[in-house]
Number of protein chains: 2
Amino acid sequence: MKNITIKDIAKISGVSITTVSNVINGKKEKVSQDTLDRINKTLKDLNYIPNSSARSLVQNRSKLIGVIIPQTEDHKQLLLQNPFYSEIVSGIETKIREHGYTMILTGVDKNKDYLDVFIKWSLDGAIIMGIYKEQFYEELKRINIPIVLVDSYINDSYFYKIGIDDELGGYMAAKYLISKGHKKIALVTGSIIKDGVTEKRFLGYKRALEEASIFYNPDNVYEESVSFEHGYKTGLELSERMGDITAVFATADLIATGVISGFYNSGIKVPDDVSVIGFDDISITKMLIPPMTTIKQDIYDKGQRSVEKLIDAIEGSGNIIKNEELLPLSIIERMSVKEI
Amino acid sequence: MKNITIKDIAKISGVSITTVSNVINGKKEKVSQDTLDRINKTLKDLNYIPNSSARSLVQNRSKLIGVIIPQTEDHKQLLLQNPFYSEIVSGIETKIREHGYTMILTGVDKNKDYLDVFIKWSLDGAIIMGIYKEQFYEELKRINIPIVLVDSYINDSYFYKIGIDDELGGYMAAKYLISKGHKKIALVTGSIIKDGVTEKRFLGYKRALEEASIFYNPDNVYEESVSFEHGYKTGLELSERMGDITAVFATADLIATGVISGFYNSGIKVPDDVSVIGFDDISITKMLIPPMTTIKQDIYDKGQRSVEKLIDAIEGSGNIIKNEELLPLSIIERMSVKEI
DNA sequence: TTGTAGGCGTTATCAA
DNA sequence: TTGATAACGCCTACAA
């Protein structure tokens, strides 16, 4: 079935394609009521849908937004399986569609040029999550489209940014534990990279300790990856050190979940024998037994805000303040922390 | 920064655009080694990337694949938050990119024409999940591109299909429970729609009961939605009927998770007081305490297979058998079922 | 082996 | 208020 084009509409309506184009693009003032009605009718009758490629070609804008999410370390698989990313993408897609744009979702291949897709499709803008090497950012700027970085601490006013105050979050978590009487607090975390989200949370943890005059013990830090498995292994290890610690702060709920399972499998009960607090408030935290206490950020909203910011930039109201927008954090008290 | 075009390459290499086009499209036999080298060099130097819109326009194929997933009932939010969908999308995206295609991920708006995006972007193919009304399928066929339906029981050889034997799965679950001595088995499920996945699982459950000469009691069926909340509420309700049932089969892990939490909040322990089996083996099942026994399907692989099938169809090796492909099912014994 | 020219479906410019 | 016509970047006969 051949798709119907603007020409078909023109012919059937007995007008030129210019006129049809005008009504399609809502320039009513250029068309008489009469022809407008006539054209609108054929438009409906034939159920005409403009070809986006053609449009994109002449206008140099595509109504396409790229969303880039990190992959597992072997670079094979999207991190969508991490609930954090699926929740944020969910928020992003909804908002994108609401604004009449279309979402391209992709990971980045290790060796290939990650920017191909930007140029290929003349993306109008992009939302990028996760951390990449410095050089990546320089290349990104050359593309010259609005870009929102989620949870990035890069210091470059070219980019729009959405994030949270991770240092504060880490501080809140540790301080909460301390307020419940805990002094021996282990930290379980993904790799602490300079200026990464995880480092900030780690720093917040340290600040809370200092403030309470608690000695910071590096042996209490278990650093590896943001995964259930890392948490699980650490839970197992930690079960041998029950004299040394009374609480665990995991810098991601996914890790915290693993920690709890690890403890459980060693016969150690949360929160009776040890307290655990997580970070993010991904949906599964409330599904756990016991439900997990955690630092909440509104992930879905984070996605939505990213899109709003991006579209503001694309459609150029021009009145956006670049730089960072920080979303609020709160602590959700559920059942995984006990006062001692 | 103006994007660089085939013309630029031609000019710089001192040849015509035809020649450039030929080398871009790998028609080496039409070009002398000499010019080939020269062009390839400028291609690299200028880091040329073909404009996909232009290509799509002339070739009528886009290298774009649409992936459509259901939304929550208010049609606002993608169901990506359901781990089942995020896992399958993860598999899909990886495979799509591996084949050099690009993924458009979208939900469908209630009132708008869901097919717009297909035509707008001349999608080369699509993968559709979830159930839609009959009429939807008729419209889909008119678009005339290869389409893979995931978990659909529609009977129309136009579509490629990937799924599992849901009836068998339901049967396996119930039979397993029965083999562990259970006779009073509640079913907690999303809405049972004719020819839907859920109905099949329900039917399997009934078959297992019959086979074991267990009276099927409609009062033991709790039908609502595929959600944690539904499971939770049902767990609460069921806790008042502990004499009547000894086990629960939830037709989705998400529901089962809720059921367990509901029980827990009523002071009833799984598996000591009641057994629970789920369906799907989404990633969180192993994170629960106790880890959940469930009917496993390989969700990630399901995504990958869908793409392979679709791309076979698009690139037209022509040797694909249409109709259904059923992926294997197995039972994963963890800790949520107890022998009685 | 290389180049010319027409066309894909739109929008935009300018003239009628 | 309407309509030719030239782009946009690319591919593909067909010619040279």
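Is B:S213 buried or exposed, and how many other C-beta atoms lie within 10 Å? B:S213 is exposed, because 7 other C-beta atoms lie within 10 Å, where a residue counts as buried with 20 or more other C-beta atoms within 10 Å of its own, as exposed with 12 or fewer and as partly exposed in between, the C-beta atoms being placed from the backbone. This is a predicted model, in which local features need pLDDT of at least 70 and side-chain atom pairs count only at pLDDT 80 or more, while totals for chains, interfaces and linings use all residues. Residues are numbered from 1 along each chain as its sequence is written, and chains are lettered from A and ligands numbered from 1 in the order in which they are written.

**Chain A as a whole**

- Chain A contains 12 helices and 12 strands, where helices (H or I, at least four residues) and strands (E, at least two) are DSSP runs numbered from the N terminus.
- The radius of gyration of chain A is 26 Å, well over the 20 Å that the globule rule gives for 340 residues, so chain A is more spread out than a compact globule; this radius is taken over C-alpha atoms, and the rule is 2.2 Å times the number of residues to the power 0.38.
- Taken along the principal axes, the C-alpha atoms of chain A fill a box of roughly 85 × 40 × 35 Å.
- Of the 340 residues in chain A, 46% are buried.
- Among the contacts in chain A between residues at least 6 apart in sequence, 72% join residues at least 24 apart, a contact being two residues whose C-beta atoms, placed from the backbone, lie within 7 Å.

**The sheet of chain A**

- An open sheet of 6 strands runs in the order β7-β6-β8-β9-β10-β12 in chain A, with mixed pairing; two strands pair if DSSP finds at least two bridges between them.
- The edge strands are β7 (221–224) and β12 (329–332) of chain A, each of which pairs on one side only.
- From one strand to the next, the twist averages 15°, with axes being lines fitted to C-alpha atoms (for helices over the stretch in contact) and angles running from 0 to 180 degrees between N-to-C directions.
- Within chain A, strand β6 (residues 185–190) and strand β8 (residues 247–250) pair in the parallel sense over 4 bridges, and A:A186 stands opposite A:V248 in β8(A).
- Helix α11(A) packs on the sheet, where it touches β6, β8, β9 (275–280) and β10 (293–297) of chain A, and its direction makes about 155° with that of β9(A).

**Where the two chains meet**

- In chain A, 47 residues are in contact with 47 residues of chain B.
- On the side of chain A that touches chain B, at least two residues each come from α4 (52–59), α5 (83–98), β2 (102–106), α6 (116–120) and α11 (253–265) of chain A, and α5(A) gives the most, with 8 residues.
- By class, this side of chain A has 21 nonpolar, 18 polar and 8 charged residues; Ala, Val, Leu, Ile, Met, Phe, Trp, Tyr, Cys and Pro count as nonpolar, Asp, Glu, Lys and Arg as charged, and the others, Gly among them, as polar.

**Around the DNA strands**

- DNA strand D is surrounded by 26 residues, of which the closest are A:S16, A:T18, B:T5, B:I6 and B:A54; a residue is near a molecule or strand if its C-beta atom, placed from the backbone, lies within 6 Å of it.
- Helix α4(B) gives the most to the surface near DNA strand D, with 5 residues.

**Local backbone features**

- A cis peptide bond with omega of about 5° joins A:V270 and A:P271, and A:P271 lies in the loop between α11 and β9 of chain A.
- Another cis peptide bond, with omega of about -5°, joins A:I289 and A:P290, and A:P290 is placed in the loop between β9 and β10 of chain A.
- A:N144, in the loop between α7 (134–143) and β4 (147–150) of chain A, has a phi near 65°, a positive value in a residue other than glycine.
- B:S213 has a phi near 55°, a positive value in a residue other than glycine, and its place is in the loop between α9 (197–211) and β7 (221–224) of chain B.
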